Amino acid sequence: MPSHAIPKGLIVSCQPVPGGPMDDAAYVVAFAKAAVAAGAVALRIESVAYLRAVRPAVAVPIVGIVKRDLDDSPVRITPFLGDVDALAEAGADIIAFDATDRTRPASVEALAQAVRGHGKLSMADCSTIEDARRAHALGIDYLGSTLSGYTGGPEPTEPDLALVAAMRELTPNVIAEGRIRVPEQARAAAAAGAHAVVVGSAITRTEHATAWFDEAVREGFACAPGASILALDIGGTKIAVAQVEGGTIRREAIVATRPADGPDAWIAAAQSAIADWSLSFSGIGIAATGVLSSEGWYALNPETLPIPNNYPLVERVTEIFGAPAIAVNDAQAAAWGEFIRGGHGGKNLVFLTISTGIGGGIVVNGQLLEGLSGSFGLLRGPANGGGPLEGEVSGRWIAAEAARAGHDCDAAGVFKRASAGVAWAEGIVAQSAARVATLCRDIQMMLDPDHIVIGGGIGLASGFLDRVRENLAALDPRLMPNIVPAKLGAKAGLVGVADVAARRLADRKTA
């Protein structure tokens, strides 16, 4: 490698937010000098003008790039041969360019040749190991993980250390770049085999770094010991009421209800249950079946819980309890509870509660989806005249099938008999498990979650998940859903809705 090669160490990308307060040559030069003074072994500078300004101010190697937004190509980083010429003339030691396999103005090979023609070193900004292999075969000097996660699909939140490690198998000249925001991630990138590690937004984009810390502080406020949330989980036969602080249930009461009594009576019963608690709370989180919106509360399947259309749930709870309230679908609240407290790992999770009906919740890239998302129980089933799937799987269906076969017992009784080897009961449970297995396979194909978490009285009944997994045993391992039992049980909805309420109420206070 020539003398202007990149030493092992930290590269600071001095790229201000375009159009932001620091998008000025004087600030970029100041960033560059400060980074070098603190130990950066190289810099990554965007634009010919900023490169010309920085070059006389520092002695370390500079990786130069040009960013463009093109109408006829998704390639943004140094797309033209003329960009290579301009960067070389401005003093770049290493010239980086997009090396992905996409429609582009100039081929990767032509860009690499142009860089060599100027006596400079080249860096391939890659998105996959296939990009890296092609770039390495072309003799490009450095391979970067820069574009992993930026060429389609949801943007990840973590650096792609697996790609860094895979590139290290090709060459020692690997540069880790992308979503490295804290020192621990930089350390992990170096440990994964990177020759150098690029950090940009965390150091030189004040707007981005401030937003990350602001979000963390808001979450801290939401989980602070003093942030006491009253959580209500409204079901068809009972309401669970809990005081939740920092994800911990401090006290709880269960109130039996009758669907026919209606929501006014349910809320009054919840209020009576906590009359002697003598507590103050900063807000209320309500988890309930059906759809909850600014217009009100209504049932998707009235057989599960009859609700007057557009019942003003949030307004009524706020009025009765005297504190601000938010409402979330109960299965979505449970999904969030399992995601934040269940210890399942990953950023993508689907939750299924299989009980009186089927509810669901979806977390994608660490964000809870609301509205109609997760209404898996209302998908059309293969039997029952094309009615809702929950009408062919749930506890109500299991009990109805037992009655149809001449046996007077509820779902729990059917499972007890199935465990004892009673043939008719085994047949009913097997049908329910087979249909849930099909649903899980379809969910995996549609959403590819890290985990499908299953809860509810039916979902967690003895042997049920084993039966579901047996129905999927013949699947290609690459298509196999990772089905795991819910960890929080009946507490998931309370924990989840309390956290959602705490976050949203904290946002309102700081807005």
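Trainee: Is Trp-266 buried or exposed?
Mentor: In this predicted model, Trp-266 is buried, because its relative accessibility of 2% is under the 20% cut-off.
Trainee: And what about Trp-297, buried or exposed?
Mentor: Trp-297 is buried too, with a relative accessible area of 0%.
Trainee: Let's switch to ring pairs. How many aromatic pairs does a search of the whole structure find?
Mentor: The search finds 4 aromatic pairs. One of them joins Trp-266 and Trp-297, edge-to-face, at 6.3 Å centre to centre with 70° between the planes.
Trainee: Why does that pair tie together separate parts?
Mentor: Trp-266 sits in helix α10 (residues 263–273) and Trp-297 in strand β14 (residues 296–298), so the contact bridges parts 31 residues apart in sequence.
Trainee: Which residues do ring pairs link into a cluster?
Mentor: Trp-266, Trp-297 and Tyr-311 are linked that way.
Trainee: Why is the pair of Phe-415 and Phe-464 edge-to-face?
Mentor: Their planes are at 65°, over the 60 degrees needed, so the pair counts as edge-to-face. The ring centres of Phe-415 and Phe-464 are 6.0 Å apart.
Trainee: Where in the chain are those two?
Mentor: Phe-415 is in helix α14 (residues 411–419) and Phe-464 in helix α16 (residues 464–471). They are 49 residues apart, and the pair links distant parts of the chain.

Technical notes: Residues are numbered from 1 along each chain as its sequence is written. This is a predicted model: local features need pLDDT of at least 70, side-chain atom pairs count only at pLDDT 80 or more; totals for chains, interfaces and linings use all residues. Side-chain values use heavy atoms; hydrogens and water are left out. Rings of Phe, Tyr and Trp (its six-membered ring) pair if their centres lie within 6.5 Å; planes under 30 degrees apart count as stacked, over 60 as edge-to-face and the rest as tilted. Helices (H or I, at least four residues) and strands (E, at least two) are DSSP runs, numbered from the N terminus. Buried means under 20% relative accessible area, exposed over 50%, partly exposed in between (1.4 Å probe, protein chains only).
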